[in-house]
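The sequence and structure are shown first, and the description follows.

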Amino acid sequence: MLHELLLALLGFTGDLIVDEREQRKNLGLVFHSDSPLSDECTFKLAPDISFIQPSERDLIERLIKLGFYYRELDRFAKKSRNLSWIRSVISVLPLDRADELSKQSIEKKPSVYRRAIANGIGEILAVYRSAVLHIEQKLLAETTPILATVTQGLNKFFVLFPPLYEVVLEIERDDIRGGQLLNVLNKRCHCGVPELRTCLQRLLWHGHQVMYNQLASWMVYGILQDPHEEFFIKRQEDGALDQRSSHEEISEKLARTSVYETSLTDWHSGFHISLDMLPDYIPMRLGESILFAGKAIRVLRNPSPAFQFQKDKSFQQTMRGSQRIRGFMHSDFPERETELDADLTGEELLPQSEADKIEAMLKDLKESSEFHKRSFECTVDSVRAIAASHLWQLVVVRADLKGHLKALKEYFLLEKGDFFQCFLEESRPLMRLPPRQSTGESDLMVPFQLAATKTIGEEDKYFSRVALRMPSFGVTVRSSQADLAKSKASLTGKANLTSDTSVDGWDAIALEYSVDWPMQLFFTQEVLSKYLKVFQYLIRLKRTQMELEKSWASVMHQDHLDFAQHRKGGTNGSISQQRRQGIQPLWRVREHMAFLIRNLQFYIQVDVIESQWKVLQAHIHDSQDFTELVGFHQEYLSALISQSFLDIGAVSRILDSIMKLCLQFCWNIENQESNPNTSELENIAEEFNKKSNSLYTILRSSKLAGSQRAPFLRRFLLRLNFNSFYEARGVLNVVRQRPALPL
């Protein structure tokens, strides 16, 4: 009987100790409580045994629960560890049966983490089997075997097996895998029983071994080794191709997709953090650091083929000098040097010593018997710092980040004022007409290239990256001069001056900047769109300022011609003098317009762009971290947009309407030869007075005094109200035509 008890302790029932679940299954009486996930012990002492005392029966039934727990834990361990039997079975099965079995195996969702936990449970069960074997040896050695010997030898397992069985039940019932499994074990480790805590920490150690292996694959080689989707770093699933696209379009799109484009996609949106699989004891900040480090290692280990053949500045300058001397001796010399540089570039992006250093740090974590959060954080931060430093070296030093930033400042932020001044002057006759939907971009290319020829030198290697674009527009736009007659009705209605129908189609002028690998890691489409937003605002402001100056020069030239004819004895001198006296008050309005536009332009170029540029340059000089550079550049762009009031709806709308009024004023002034009526100009002047006063009121508003933009608003207000300009003249009076003075 004692041997049968020992066999029952190892999960084997017989005549003395029976399994009620198997008996009911044999009889066809399977109930819900008989499911494999039931927490009720089904090992029972046979009811027909009468020679056992009640106290002994209670003791035996308490002991055989360990056998039930052992059998269930062993079943879970074998089921979780034995993942390769499916292949051997499928190889000998018929094709249809193999397909069915493979589908069943897919539905079971194998788990590497469960396999690791099963290995830990196997270690505990091995200790239990050794204890049972030792008890058997003691019972055989004793002359009078007693149950107390069995109870004494297995006493510690009464503390371990029930909680372990609860863990197994929870894992199977809720299908817990990956990081969720680590979460469950970590929570159960916080208990007051030392033996149980040590046991659960051992299981957690086995689970962490899998996580460390995945971390090493991701943070050392940039490879996501996660066959069963259990790691908290996951690949972003690509959306399905547009079903409306034809087969030819899809084929062409796939043909254009290269490894280089795939790496960029992986960097920007290829991977993400799965919150379901991220353990609670790993903060989100560490998860993001792990994500960044792996993506950076992928970039460094898989450089673009085009970039591999680029040389560093110093190396390139050295080779230029040597090629001038020895180029005539070896015609194939440049090609061989290019190949050599390709090998060096590929190896130097991430030296093997750095990869070995990262692997050694992860190995130290892996060999630790317990998980120390502080050590884990320090290791992840160190790996992230290494990856960020080498990525900084790639982007800033090898790819010349400073040069690209300078080029974007010159073209998108209008630092090359001579170029854009020449471009606007050359394209001014074209912009007096409405842009054509089909040829608007090609029409602008002529003045654009002409301005480049006059102002851009051959040493500017970044100009070739800039392209002029005229996006197609869906709204109905009207020209500056051709539709002035149609604008009379809107001018009479003052509320219509800022309506959408007054949008100038040339405001859609855009610049496009092409960047190569690895600069796409820094200059994303979102970043370039912010640059474009500032550019379109600045070019509109520049155009408004130029029109105000041109209108003054044009009318003064005509006035000088009229005065010269009057001095020569012309008959129309009185008419020209009356016209000059009639529109003379409007020139004060033009001067107020020019004053506002000039100060706005000076404020943006000097107080905003130049000051923020110096801050950005200081950050680039002091930083050695790629992520810090990205953050500084984002702050730089946000400051440009914020301090230029592009994100303040009330201010930006008023400034936009003021620029439109200025352009309308200029076009009407130059149209006075054919239409001497000044009523339209008076309406524009009246509306401008209202808008400028509204702008001044908003800038002085107490609601904005406590906002973060208050210093910049006050700085702009200081330029507008220099020498108390607004207070001195009070509210801008509406300009009315004065009666002509008698000659």
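Accessible areas are computed by the Shrake-Rupley method with a 1.4 Å probe, and for residues only the protein chains shown count as cover. On that basis, the accessible surface of the protein comes to about 38,500 Å², and 53% of this surface belongs to carbon and sulfur atoms. The model is a predicted one.

**Overall composition**

The protein holds 29 helices and six strands. Of its 743 residues, 48% are buried. Among contacts between residues at least 6 apart in sequence, 80% join residues that are at least 24 apart.

**Cysteines**

A disulfide is a covalent bond between the sulfur atoms of two cysteines. With a cut-off of 2.5 Å between cysteine sulfur atoms, the count of disulfides in the model is zero. Two cysteines may be described by their accessibility. C422 is buried, with a relative accessible area of 11%, whereas C378 has 35% relative accessibility and counts as partly exposed.

Helix α9 spans residues 178-188. Eight of its 11 residues are buried, so the helix is largely enclosed by the rest of the structure. The buried residues are G178, G179, L181, L182, N183, V184, L185 and N186. They pack against α6 (112-141), α8 (157-174) and α10 (194-220).

Helix α6 also contains I121. This residue has 3% relative accessibility and therefore counts as buried, the limit being under 20%. Not counting residues up to four places away in sequence, I121 touches L73, F76, V168 and L203. The C-alpha atoms of I121 and C199 are separated by 9.0 Å, although the two residues lie 78 residues apart along the chain.

**Helix pairs**

Two packed helices are described by the angle between their axes and the distance between the axes.

| Helix pair | Axes come within | Crossing angle |
|---|---|---|
| α10 and α17 (residues 352-367) | 10 Å | roughly 170° |
| α10 and α13 (residues 284-301) | 7 Å | roughly 45° |
| α1 (residues 2-9) and α3 (residues 54-81) | 7 Å | roughly 40° |

The axes of α10 and α17 cross at roughly 170°. Angles over 145 degrees count as roughly antiparallel, so α10 is roughly antiparallel to α17. On the α10 side the contact is made by W205, Q209, Y212, N213, L215, A216, M219 and V220; on the α17 side it is made by A355, I358, E359, L362, L365 and K366. By class, these residues divide into 10 nonpolar, two polar and two charged.

Helix α10 also meets α13, and their axes cross at roughly 45°. The two helices are therefore oblique to each other. Here L215, W218, M219 and V220 of α10 meet I290, L291, A293, G294, K295, I297, R298 and R301 of α13. The residues of this contact comprise eight nonpolar, one polar and three charged.

The remaining pair in the table joins α1 and α3, whose axes cross at roughly 40°. This angle makes α1 oblique to α3. In the contact, L5, A8 and L9 of α1 meet I60, L63, I64, L66, G67 and Y70 of α3. By class, the contact has eight nonpolar residues, one polar residue and no charged residues.

Technical notes. Residues are numbered from 1 along each chain as its sequence is written. This is a predicted model: local features need pLDDT of at least 70, side-chain atom pairs count only at pLDDT 80 or more; totals for chains, interfaces and linings use all residues. Side-chain values use heavy atoms; hydrogens and water are left out. Helices (H or I, at least four residues) and strands (E, at least two) are DSSP runs, numbered from the N terminus. Buried means under 20% relative accessible area, exposed over 50%, partly exposed in between (1.4 Å probe, protein chains only). Contact means heavy atoms within 4.5 Å. Axes are lines fitted to C-alpha atoms, for helices over the stretch in contact, and angles run from 0 to 180 degrees between N-to-C directions. Angles under 35 degrees count as roughly parallel, over 145 as roughly antiparallel, 65 to 115 as roughly perpendicular and the rest as oblique. Ala, Val, Leu, Ile, Met, Phe, Trp, Tyr, Cys and Pro count as nonpolar, Asp, Glu, Lys and Arg as charged, and the others, Gly among them, as polar.
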